[in-house]
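Okay, everyone, thanks for coming. Let me put the model up, and then we'll walk through a few spots together.

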Amino acid sequence: MWRWLGFALVALLAALLTVAVLAPAQWAAGAVRAGTGGRIDLAESSGSLWRGEATVVLASGSDPGASRASLPERLSWRLSPWQLLVGTLDLTLSHPSALAQPLTIRMSPGQPALLGATTLRLPASLLIGLGAPWNTVRPGGVITLNWDRLQLSPGRMQGALGAEWQFASSSLTPVSPFGHYRLVTNGQYPGTTLQLQTISGPLELTGSGTIGEGGRLRFEGLARPVPGTEPVIKTQLTGLISLLGPRRDSETATLRFGS
């Protein structure tokens, strides 16, 4: 009896190991979907939990009528099963156009999560999938996020992080592109400081703000045509400027987010 029980346990262990090795990529997709409340989905996933690929989809919610937008080309991942045996998540993400270099993510019990240096480039149109106000603005161009190395822990972040919006456009104005913008931070959260700068273009967006405990955002700035902009261009920017905030004068709108 004990001999047969031993054989049964060995067979069960072998079956469990086989399932673990061949775990489908849909398991990863389900975990991401559940962990983000349906706002991020790994569609058309293939491969295994340990090495697979999928199309990244952003959604404004989990309901069937939610706005959705997908990232061109497919994201691939590699997860080390051996590191998991010692309690460490060792994940590498790759994308042919969105990631300048593979993104490494490492998490160990009791330690901050570490994100390796990379540059993330996303089509601004992907923001439409987040719903209002992006589905009204319908932004175009390229959003770039870059960081040297990030340390993430519950309610905390450290690391140099910056963002740019290049070739900015919108369905609310025929002026395309209307600017190139940069957001500079002090590389920590909470207590994050934000500085919005205009690099080029006929629409000037400037301002500053902070992000405090609990993600409380306070930001104030201005949106206005760059001095010397041709009158016809100013007129074509009017609709977009009016949407960005209340009018301060005939050409300028006040940007105000948070409280």
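So, leaving aside its neighbours within four places in sequence, which residues is Val-175 in contact with? Those would be Pro-202, Ile-233, Gln-236 and Leu-237, where contact means heavy atoms within 4.5 Å.

Quick housekeeping before I go on. This is a predicted model, so local features need pLDDT of at least 70 and side-chain atom pairs count only at pLDDT 80 or more, while totals for chains, interfaces and linings use all residues. Residues are numbered from 1 along each chain as its sequence is written, and side-chain values use heavy atoms, with hydrogens and water left out.

Back to Val-175. You'll find Val-175 in the loop between β12 and β13; helices (H or I, at least four residues) and strands (E, at least two) are DSSP runs, numbered from the N terminus. Val-175 has a relative accessible area of 9%, so we call it buried. The cut-offs there: buried is under 20% relative accessible area, exposed is over 50%, and partly exposed is in between, with a 1.4 Å probe and protein chains only. One of those contacts, Leu-237, sits 62 residues from Val-175 in sequence, yet their C-alphas are 7.1 Å apart.

Now, salt bridges. The rule is a side-chain nitrogen of Lys or Arg within 4 Å of a carboxyl oxygen of Asp or Glu, and that gives eight of them.

Arg-224 pairs with Glu-204, closest N and O atoms 3.2 Å apart. That one links distant parts of the chain, with Arg-224 in strand β17 (residues 217–225) and Glu-204 in strand β16 (residues 203–211), 20 residues apart. Is Glu-204 buried or exposed? Buried, because its relative accessible area is 17%, whereas Arg-224 is partly exposed at 30%. Beyond its neighbours within four places, Glu-204 also has contacts that include Thr-198, Leu-222 and Pro-227.

Next, Arg-182 and Glu-164, with the closest N and O atoms at 3.0 Å. Here Arg-182 is in strand β13 (residues 179–185) and Glu-164 in strand β12 (residues 161–169), 18 residues apart. Arg-182 comes out partly exposed, at 30%.

Third, Arg-74 with Glu-44, at 4.0 Å between the closest N and O atoms. Arg-74 is in the loop between β3 (68–70) and β4 (75–79), and Glu-44 is 30 residues away in strand β1 (residues 40–47). Glu-44 is exposed at 64% relative accessibility, while Arg-74 is partly exposed at 24%. Through shared partners, Glu-44, Glu-53 and Arg-74 join into one network.

On to the inside. A nonpolar core here is a set of buried Ala, Val, Leu, Ile, Met, Phe, Trp, Tyr and Cys residues joined through side-chain atoms within 4.5 Å. How many residues does the largest one have? It has 25, and Leu-42, Trp-77, Leu-93 and Leu-103 have the most contacts inside it. At least two residues each come from α2 (25–35), β2 (51–59), β4, β5 (89–94) and β6 (103–107). Looking past its neighbours within four places in sequence, Leu-93 touches, among others, Leu-75, Trp-77, Leu-103 and Ile-105. A second, separate core has 16 residues, including Ala-124, Phe-178, Tyr-181 and Leu-203.

Last stop, Trp-82, over in helix α3 (residues 81–85). Trp-82 is exposed, at 67% relative accessible area. That's me done, so over to you.
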